[in-house]
Amino acid sequence: RMTTPALSIPPHGQEGSLRHTFFALRHGQSLANVANIISSDPKISTVKHGLSGFGHEQAKEAGKHFAEQFHAENDASNEYCGVAIFSSDFVRAKETAQHMADACKAASIPLYKNEGVTLDENLRERNFGTLNGGSDDRYQDVWDVDITDPTHNEFGVESVYSVVERTTRLVLDKDEELSEASRGDEKWKCILVAHGDVLQILQTGFKKMDGSLHRTLPHLETATVRELKVEAAPLCGYHAVK
């Protein structure tokens, strides 16, 4: 059996570990969520299916809460120099990321390069192939195959392992980029604004789990921020990346 090409980095505190702290932020409720359809085709999702009214409110609240937590934790330790926001270029993610950036600016939190949001295609939603535009009930059909074959392209979908590869590589690259742009021991809180499946799968890389198990992890709700921590050891020996 193949194993996931997961993050090849030691846990925090060991040589070669991530210097900066990463967070996953799923976009707020989108118009595609409201319509109960799958929207992962870049030709469509980069121009349509932005946030619903409720989704905008969710994203604003997530940004406000994150900014408050940043100050609550950082005012005492002064561990972090600011926040770096990287986002999928899909409309629903970009709008969510902008609300986060606006909240940080309002709270006088420095933003990386003073740019607010940096877009990256590697944070796009997993492409669901021929299921695009159809009912989101079909997600389960894909996940059922993921469990037994994380390399599959059934229905023309992007494989689990492809998502693991592009997202974990992005984390390593952004950590290096932030380190090269920092002075001394400066550290950033780095927010990755993306989508349900791509963030579920990315978490398996941090937890040293096989990507096929992504649906066994706690579901990441819309406009929810979750810290991503590298596990010291695999959670499951059989599925572990050695």
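Which helix is the place of Met100?

Modeller: Met100 sits in helix H4. Before we dig in: this is a predicted model, where local features need pLDDT of at least 70 and side-chain atom pairs count only at pLDDT 80 or more, while totals for chains, interfaces and linings use all residues. Residues are numbered from 1 along each chain as its sequence is written, and side-chain values use heavy atoms, with hydrogens and water left out.

Met100 is buried, with a relative accessible area of 0%; buried means under 20%, exposed over 50% and partly exposed in between, using a 1.4 Å probe and protein chains only. In sequence, Gly63 is 37 residues from Met100, yet their C-alpha atoms are 4.2 Å apart. Leaving out residues up to four places away in sequence, Met100 touches Leu25, Ala62, Gly63, Phe66, Ile85, Ile191 and Val225, where contact means heavy atoms within 4.5 Å.

Now for the sheet beside that helix. It is open, has five strands in the order S3-S2-S4-S1-S5, and its pairing is mixed. Strands pair if DSSP finds at least two bridges between them; the elements are DSSP runs numbered from the N terminus, with helices (H or I) of at least four residues and strands (E) of at least two. Strand S3 (118–119) and S5 are the edges, each pairing on one side only. S2 and S3 run parallel, joined over two bridges, and Phe86 stands opposite Thr118 in S3. H4 (residues 91–106) packs on this sheet and touches S1, S2, S3, S4 and S5, with its direction at about 170° to that of S2. Those directions come from lines fitted to C-alpha atoms, for helices over the stretch in contact, with angles from 0 to 180 degrees between N-to-C directions.

On to the nonpolar cores, which are sets of buried Ala, Val, Leu, Ile, Met, Phe, Trp, Tyr and Cys residues joined through side-chain atoms within 4.5 Å. In the largest, with 27 residues, Phe22, Phe86, Leu192 and Phe206 touch the most other members. Strand S1 (21–26), strand S2 (82–87), helix H6 (160–181), strand S4 (188–194) and helix H7 (196–206) each give two or more residues to this core. H6 has the largest share, eight residues. Met100 belongs to a second, separate core of 18 residues, along with Tyr80, Ile109 and Leu111 among others.

H7 deserves a stop too: 11 of its 11 residues are buried, so it is largely enclosed by the rest of the structure. Those buried residues pack against S1, H5, H6, S4 and S5. Just after H7, Lys208 takes a positive phi of about 60°. Most residues other than glycine have a negative phi. Ala223 also goes positive, at about 55°; it lies in the loop between H7 and strand S5 (225–228) and counts as buried, since its relative accessibility is 13%.
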